[in-house]
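I open this notebook to record what I looked up in the structure. The entries follow the order in which I read them.

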Amino acid sequence: MQNKFEDLKTQAFLAIKVIKDSDELVALENKLLGRKNGELTNLMKSLKDLSADVKKTVGQLANEIKTEIEIGLDNKRRELRQAEWGTLIEKERLDITQPALPKKERGHFHPNTIIQKDLENLFISMGFMVLDGPELESDYYNFTALNIPETHPARDSQDTFYIKGHSNWLMRTHTSPMQVRAMQKYGVPLRTIVPGKCYRNEATDVRHEHTFYQMEGLVVDKGISFAHMKGVLEAVARHLYGQDTKVRLRPKFYPFVEPGVNGEVTCYLCKGSGCRLCKNTGWLEIFGAGLVHPSVLKEGNVDSKEYQGFAFGFGLTRLVMLKYGIDDIRLLESGNMKFLEQF
Amino acid sequence: MFISFNWLKQHINLPDSTTADEVANKLKLSTVEVESVRFQGADLEGVVVGEILEFKKHRNADKLHVAHVDVGEGKPRQVIFGQMVKMEPGFKVPVALAPTALPGGKKIDRIEIRGELTEGMLCLDQELGLLKEGVSIRFFEKTMKNGMPITKALGLDDYILEIDNKSLSNRPDLWGHYGIAREVAALFNREVKTYETKEINKSIKQEIKLKVEIEDAKLCPRYMAVAMSGIKVGESPAWLKERLTAVGLRPINNIVDITNYVMLDVGQPMHAFDARKLTINKEQLTNVSIVVRRAKEGEEFTTLDHKKYRLDSSMVVIATDEKAVALAGVMGGLESGIADDTTTIIFESANFDAATTRKTSTKLGLRTDSSARFEKSLDPNMCEVALKRAVELILEICPEAKVASKVIDEGKPRLFTGPLEIPVEFFAKKLGIEIPVKTIVTILQRLGFIVTEKKKTLSVKIPSWRATKDVSIPEDLVEEVARIYGYDNIPATLPTFPITPPGENKLRTLEHRVAEIMVRELGFTEVYNYSFVSASQIAKLGDDISRYLELDNPISKEKPYVRRNLLPNLLENISSNMSRAESLKLFEIGKVFHGDEAGPRVDTNGDELLPRQDVYLTALYVHKKDTTPFWEVRRIAEMLALELGMHFEYAPASARPLHSWQHPARTTWLKMAGGIVGRVYELHPSTTESYGIAQRVGLCSINLSELVEMNKANSFKNIATALSSFPEAVRDIAFLVKKEIAHADILQVLGSIDPLLTKIELFDVFEGVGIGEGYKSLAYHLTYVSSERTLTNSEVDTAHSKVEKILQEKFKAEIRK
């Protein structure tokens, strides 16, 4: 009887070894362990005819063999499953270079919005108020209040759009009119920026637009100095072009500041060594600035003996063009979807 | 403006080691924009002196000639030329030897022109970069060796600095070499040489009685003049011609060259008249009387360059009794100019009003070296310096010349020259750095200010050349000190402020939020358009053009109107993009201008108000296959309401008068507690037709300026409600009703019939096949739930049948089973 069990075990393991798929495995399992006609089941059933003594020893052996066969079958099953996963996974292989389809419809911000918002956030984090103002301005706020006299060339109709029938109305030529409006409305101390649309009566070409965007800034408080102006502008430059960016100030005349400067930053492309972008100077001119002229403070009802301040203006449009490598300014207001969909 | 480095060094002792580049760099950082520094001989290596041996007409080209030119190579070169300037055999001219390149990059190669070989080019001054304008050529002396490089032949060893005139606009003192030299002296901490001029000899026999009258001292603060006789007009000496050509001016004759030289030296424009033309008796030059007066309306005047102008009374002329002889500060007249046979001249050295000069030159479109200087407000003291220098030069160049009249000096110019009293600490306060007083004083003195220091205060007298407009307040002196001290030497420090959060600009926050939703949630693309529109755009909308503000001086005659609405240019965006797109989803956020409504103040005190300028969102949607774009744009309003936590009521078209471009049956007004803030609509089919758009256009337009006001009260809302812990029963219902029945009416009725019915959601609307004409099928998800218990089936059934019943009763609905 023992031999029968041993033989069955040997045959069973031989059979397990040659099994090729799960169907055969199920069939073998039935053949050996099936509850009704399984070979091992039948053999174990026959134990009941044996004497108690033999039954005990053979029974024990039978149970051990059964467990061994079960483990053998389980191992085989796992082995087969493993192979099946392999086949399945190979079948499911994807071309991961292909994009997700169908394409998801996506909107686009105008590039100016992106840069403007970024700078607004920077200045808000430094405690600046964000203001806007009328684009259709008065001669007073656009010029007179800013110490730009009647005879200044900027007032020529070559540079300024005037409104028919209202000789003192015009399309603002810069965001600076908000300097005096802001001082009048909010008083001092004052920290504000004014990003916005400006207009100049200028023929358009690749580099000139009659409509463009600027960002004005104004800080007025006790003890504000040129050094502070330099500090703030340096912070902006570093935000825009990285920590190693340097700022260079050079004299430039604007009637509403004294002293007035134009501001350049190290060319971000060549890091100052000179390239096509910076016309080999190593510097990019991106803003104008200066200490607020006492007569402008006066128009804003601010006592220039007690308070001083600085103002600056960034060419937002220029920053956008530099940032994205846009070489034709007219694209920005073209409504050309091919252009806009890049952003 | 061009500055010759050699000329500059005439006025200041710079160390030999100081280069033109160093000077340019310092000027750039502290004074003006230097656009370039160019070595005169740069790019002229391939140009030599060549002698024309013989030439003949080109066989195949009437206007060309073929010459044999000795360029010192043994064998003559064949060169084709065009006779821009008359040539004769024996002439020696600059010849570019092919292959080479000229300034500006022009390549000269050995090529055939219509079958004839050319091995070089005869070069004009303009081609060599020696002069900017005109057509002229250098002829060399016979003694000059053929083949000699022209850099050597012409002594081109100077460096030329090109200064951007715009950067000089507030510095009248820098329009000549001496002014720049003074600046350079301050920058290199050296002293500028005193500008010495000899007094004009007064002990003369008055050959000519010269009289000058100024009509209006405001227009001409000073007028100096003197007559000189015994003049022999001729070529200027080499040194003078060299100076002029170095800075791009063409030598004309000794008299004109002297006036030009003085202008370029000290910045004071001068003029020389032929005295014969200023007197009635041309035989006897005894009395010359001129007046500085306003031009007459329509007065005709021909300038030196043969151009005729019609003047008006805003302009100023120099005139005899008979007629105008010069346009004050701009240009002399043709007739009274220096001629070859002129023997007696009147030198003018005057000061004209800046604004008047600028206006005149702008009006006539006539800008000259003279007008460019006068319009900057010149120092009237320079009249005298310039006149003395000019007389001195004439006497040197024409030894027979002599002073022939008294020196006229009319007018009484007034200047504010201070002194300005400045506490020393003012500099530190403004700049944020302590600069030693000694340094401050030195800088100011080098620039010509007269400084006295007493008790921590500086008393500063302004030199006349800085006093015309440039320097008048202490802040101006801070700039002088700071820029010469060097902006680079002022440290950058951040100001300290209390940490008060900045006031929020609610409108700007809303603009950004809306843009974000449009782009991120709804897939729209943001455009920026011009604020100007055309008459035809307005006409196509059917809008009233008289309500539009108009530019007085539009850049494009086509689009002179200021937009009242973002729509017209957005519609243009469709036309320009639709050919390559299946669908377009665009929006713009921007200001519109309503001249008929009141906006911000015009000035501080007056009552006048500017036009209202609200910020609008306008979004536009077209799709080639969508004949009802209304729904896609209504979604915008729905999404904005959800995202911004507001509630719109969708009021029918009849709620407000429609614009002609709105589809009356496809319009809804967006209403809030405070009123109507926007609209969702389709463009009227007649408007799409007039714009030539084949598709229907859906639009959503919201006044964000108003929305931000109305939504202020609404910004905090308890939108969270307690959730029921008992299960919900969802039943669907579909029914047919007449088309006129509105979803909103059904909602309203069902909303109040049973407290168990807590949510009513429309999920399908269908018209067409299988549905009777004039009917539509609606399908709703209805949610029943109680907050107290689990509902039984029969409770739900009861409530649901109530719904069916009321739909049948109120709306004659046919329930679909």
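I began with the buried residues of α5(A), which are Pro111(A), Asn112(A), Thr113(A), Ile115(A), Gln116(A), Leu119(A) and Phe123(A). I took a residue as buried if 20 or more other C-beta atoms, placed from the backbone, lie within 10 Å of its own. Helices (H or I, at least four residues) and strands (E, at least two) are DSSP runs, numbered from the N terminus.

I noted that the model is predicted: local features need pLDDT of at least 70, side-chain atom pairs count only at pLDDT 80 or more, and totals for chains, interfaces and linings use all residues. Residues are numbered from 1 along each chain as its sequence is written, while chains are lettered from A and ligands numbered from 1 in the order in which they are written.

I then asked what covers these buried residues of α5(A). The cover includes β5 (190-199), β6 (211-221) and α10 (316-324) of chain A, together with α13 (506-521) and β28 (525-526) of chain B. Contact here requires C-beta atoms, placed from the backbone, within 7 Å.

Just after α5(A), I found Gly127(A) with a positive phi of about 90°.

I turned next to an open sheet of 3 strands in chain A, ordered β2-β4-β3 with antiparallel pairing. β2 (136-138) and β3 (162-163) of chain A are at the edges, each with a single partner strand, so one side of each lacks a neighbour in the sheet. Strands pair if DSSP finds at least two bridges between them; 3 bridges join β2(A) to β4 (residues 166-171) of chain A. Glu137(A) stands opposite Leu170(A) in β4(A).

Definitions and conventions
A residue is buried if 20 or more other C-beta atoms lie within 10 Å of its own, exposed if 12 or fewer, and partly exposed in between; C-beta atoms are placed from the backbone. Two residues are in contact if their C-beta atoms, placed from the backbone, lie within 7 Å.
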